[in-house]
Amino acid sequence: MGLLSAHPVAPLISLHHLDKIQPIFPNVSRVEALRRLNKPIKLDSAGLMQQSICYDRPRGWTISVSWGYSVQINRGILPAREIEKPITTFNDWYRTGDENSFTFNTRPYHSNGCQRPFFYLLSDAYVTTNHTTSIYVYDGAHRRKCKWRTADPSGIRHVEVYKKPDPNLWDKSPRRNCCRILPTSKNDTLSVDVGECRDGETI
């Protein structure tokens, strides 16, 4: 999950060695997991797994969207360079558990409940008039209590992400999309818009 949630700015071409890893979605078989991933592939294959980062400043959260796969809510306002690093929810091929065995930078999967992100995984995706809607559901992971004086994301059970497909994405200068927090009347839902960065928006 950590690798796919922080995919680099490049098209997702293929997934290898799926017989050697756990299903990419929990509580389903490998085949069922790939069938679920097939929904966003059909809607916007160019945008699959592309990460966008935004901030809910009133609540002090950093949001990371890996479109078509997962959403993370992190407590605190974290720099994009930190969020771009994959969380080590994985081992190297030889299962040494040594973070120095990777040829890329990673960030730890903290045991501290305040530093561990809340993960939301794709549940459904569909297209409306001029954009796609993808729904992500809290993974239900048990976590330790946090004493930080920041808003608690545990009440968020669903994340809705709206995105306009861009089939010409990779004909442009490669860069991350930006995302924006949208108002919503649902207390248990976070709504996010993903698209090209506007003037003045940086990540």
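Mentor: Let us begin with the largest nonpolar core of this predicted model. That core holds 29 residues, of which Y120, V159, V161 and V192 touch the most other members. At least two of its residues come from each of helix 1 (30–44), strand 2 (61–66), strand 3 (70–75), strand 4 (118–127), strand 5 (132–138), strand 6 (158–163) and strand 8 (189–195). Strand 4 supplies the largest share, five residues.

Trainee: Which residues does V159 contact, leaving aside its neighbours within four places in sequence?

Mentor: V159 is in contact with V71, Y120, S134, I135, Y136, L190 and V192.

Trainee: Why is S191 called buried?

Mentor: Buried requires a relative accessible area under 20%. S191 has 4%, and therefore counts as buried. This residue is placed in strand 8. Not counting residues up to four places away in sequence, S191 touches E160, Y162, R180, I181, L182 and T184.

Trainee: What makes the pair of Y120 and Y138 tilted?

Mentor: The ring centres of Y120 and Y138 are 5.6 Å apart, and the limit for a pair is 6.5 Å. Planes under 30 degrees apart would count as stacked and planes over 60 as edge-to-face. The planes here stand at 50°, so the pair is tilted. Y120 belongs to strand 4 and Y138 to strand 5, so the pair ties together parts that are 18 residues apart in sequence.

Trainee: How do you know whether Y120 and Y138 are buried or exposed?

Mentor: The cut-off for buried is again under 20%. Y120 has a relative accessible area of 0% and is therefore buried. Y138, with 13%, is buried. Ring pairs link Y120 and Y138 with F118 into a cluster, and the whole structure contains four aromatic pairs.

Trainee: Why is N27 called exposed?

Mentor: Exposed means over 50%; N27 has a relative accessible area of 80% and is therefore exposed. N27 lies in the segment before helix 1, and its phi is near 65°, a positive value in a residue other than glycine.

Trainee: Where does the charged end of R36 sit?

Mentor: The charged end of R36 sits over the ring of F25, 4.7 Å from its centre. The charged end of R57 sits over the ring of Y55, 5.0 Å from its centre.

Note on methods
Residues numbered from 1 in each chain as written. Predicted model: local features only at pLDDT ≥ 70, side-chain atom pairs only at ≥ 80, totals over all residues. Heavy atoms only, no water. Core = buried A, V, L, I, M, F, W, Y, C linked by side-chain atoms within 4.5 Å. Buried < 20%, exposed > 50% of the residue type's maximum accessible area, 1.4 Å probe, protein only. Helix = DSSP H or I, 4+ residues; strand = E, 2+ residues; numbered from the N terminus. Contact = heavy atoms within 4.5 Å. Phe/Tyr/Trp six-rings, centres within 6.5 Å; stacked < 30°, edge-to-face > 60°. Lys NZ or Arg CZ within 6 Å of the ring centre and 35° of its normal.
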